[in-house]
Amino acid sequence: MFSRRNIVTYVVALAFILVLNFLLPRMLPGDPLTAIYGDEALVAMTPQLKAELVKRFALDQTLWRQFGAYILELCRGRLGYSYYYNAPVLTVVLGRLPWTLLLVGTALVLSSILGIVSGIESGWRRGSRTDRTMLAGLMSLNGFPDFFVGMVLLIIFGVTWRVFPLGGALTPYSGLTGWATVLDAVKHMVLPVAALTLAHLSGGYLLTRNTMITVLKEPYMLTARAKGLSQGALKYRHAGRNALLPVVTQTGIWTGRVVTGALFVELVFAYPGVGYLAYEAMMARDYPVIQGLFLVVAVAVLAINFLVELSYTTLDPRVRGVSRAH
Amino acid sequence: MHIDVKKEIMGSGPARIGFAILLVMILMALLAPLITPYNPHQQTQSALLAPSGSHWLGTNHVGQDIWSRLVFGARTSLLVGFGVGVLATLLGTIFGVSAALIGGLYERIVMRLVDAFIVIPMVIVVILVAAYVKPSILVLIVLLALLSWQGGARIIWAQALSQKEREYVAAARSFGAGTFYIAWRHIVPALGPILLVDFIYGIRRAVFMEAGLAFLGISDPTVVSWGVMMRNALSFSYLPVWQWWLLPIGIALSLIIVGLTFVGHGVEPIIDPRLRGAEVV
């Protein structure tokens, strides 16, 4: 049912990510151990440890052997050790991942709902004043980078009006428990989620509006109208539902974009997700964390893309076996 | 595709606005030394000044004139944008058209690679590479182009496939035209409008990425970048300086992207004629 071609695509993508992650530190001039482990590691490095690491990564052997050793380590779930955080990389990354998933998930749901509804309404009123205003407004919004939207929200609602906290995911040392903690987390989420939602709203809107315009010209819309259906039923049940499919097919690509956006927005709000971790690790030149992070985030985005494709080939029998033209 | 691109773009209101915005920005970048009173790199003792007659947008934390940096920053943004746009469209055209015309195993390999790259999140790859190689502006342009031509190649490939079946290609072949000649003299000119849209969206993506990556700390320290300036301004958000430091830069960046979006949206109905008449703005 799922075409072999699609599987090949994901295998190639995964291979590229693995090879890049493997080759980059090893191709650079200088001691590969430093490039794999970062400057922090040199402090902790004893001759025994060094010998052990050289052996584990097969650094004294051919590149092919080294690659084999690298893949083997990954299969064991060992992404390396961060000497900066003094913890295994996997633990560091997984500790931050839930916060990013929370931001990205909420923003994706909100921006798709708002984008689809505004797209349906706008496309239905094609050419009217409302449609033109919405189109110009949302297309302009599209131009505002997510981190700039975040900074503006931060200054208005955080600094000037003081309605929302300035950063972080929870109030430190607050001693809150139960529902109070949840409420605190929600308060910290509002601004970053709002920034992401606003910045990524227009993609869904534009696509839905475009499809809506073509769907409205279909003969079955005339039939539905002739049956005397109500406006609401025409708009949402007949036109809207058919305008939804292209939006679903794009969800995978959007997820990638929102994840990327979250990297920037987290930095604005010092939100302790993987984006902020990437920034910290880059500043500290903590190579193991950067590598592990790259692997986890890239594989997660690939997996989501894969699942979305799998789901819409199931949803729409027409797509099966047809070339996926963007 | 017999479409008058110029008429199509100029017939759309937002596209005209977009063009005007881009023209102003390009002029600003070209005339930078003439319209700025200070050297954008020169640090002075007078830090964090409010706007005045001598410093239109005040000064930043190391006493650099913000207006001068804003104007010179447009150069970086547009240079990266156009550089990546040209390079990515070129790569997309070469691989898209050659895959469509040559076909066979070559086509299958190229298109599988293209598909694979489309699903890989580009920013994360750039962050990883930048962690090891501090990219100069040239390296950044090449890197962004290498990672972003694939989406366009797919569209170009699909269009080139349909062009390949047209009579005029068969006619050219019957006169003994080779594959390269057909590609260069017939297919590529016919794809003109699509290449234009690909180019415009390529610039938009690159302008956005350059600012975002600089904001994350990935930038060439020898050039003035809006992303770096916004990052610096963010550290002073508790002072009123954001009004003349952060806002003008953020707005200038957004204006370029909005301008490109408007122009691109004006050209889009050329690719998908079903959208025609949708554009009554």
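**Interface, helices, cores**

Start with the interface: 51 residues of chain A are in contact with 45 residues of chain B. Contact here means C-beta atoms, placed from the backbone, within 7 Å. On the chain A side, α1 (4-27), α7 (129-142), α8 (146-160), α9 (179-215), α12 (245-268), α13 and α14 (287-315) each supply at least two residues. Helices are DSSP runs of H or I, at least four residues; strands are E, at least two; both are numbered from the N terminus. Which helix gives the most to that side? α1(A), with 9 residues. By class, the side of chain A that touches chain B has 38 nonpolar, 11 polar and 2 charged residues. Nonpolar is Ala, Val, Leu, Ile, Met, Phe, Trp, Tyr, Cys and Pro; charged is Asp, Glu, Lys and Arg; the others, Gly among them, are polar.

Now the ground rules. This is a predicted model: local features need pLDDT of at least 70, side-chain atom pairs count only at pLDDT 80 or more, and totals for chains, interfaces and linings use all residues. Residues are numbered from 1 along each chain as its sequence is written, while chains are lettered from A and ligands numbered from 1 in the order in which they are written.

Chain A overall. It has 14 helices and 2 strands. Of its 326 residues, 41% count as buried. Buried means 20 or more other C-beta atoms within 10 Å of the residue's own, exposed 12 or fewer, partly exposed in between, with C-beta atoms placed from the backbone.

Next, α13(A), residues 274-284. Its buried residues are A:Val274, A:Gly275, A:Tyr276, A:Leu277, A:Ala278, A:Ala281 and A:Met282. A:Arg285 follows the helix, with a positive phi near 50°.

What does α13(A) pack on? The axes of α6(A), residues 89-124, and α13(A) come within 8 Å and cross at roughly 135°. Those axes are lines fitted to C-alpha atoms over the stretch in contact, with angles from 0 to 180 degrees between N-to-C directions. The two helices are therefore oblique to each other. Oblique is what remains after under 35 degrees (roughly parallel), over 145 (roughly antiparallel) and 65 to 115 (roughly perpendicular). From α6(A), A:Val93, A:Arg96, A:Leu97 and A:Thr100 meet A:Val274, A:Gly275 and A:Leu277 of α13(A).

Last, the cores. The largest nonpolar core has 157 residues, and A:Ile290, A:Leu293 and B:Ile127 have the most contacts inside it. A core is a set of buried Ala, Val, Leu, Ile, Met, Phe, Trp, Tyr and Cys residues joined through C-beta atoms within 7 Å. Leaving out residues up to four places away in sequence, A:Leu293 touches A:Val93, A:Val274, A:Leu277, A:Ala278 and A:Ala281.

Key:
Contact = placed C-beta atoms within 7 Å.
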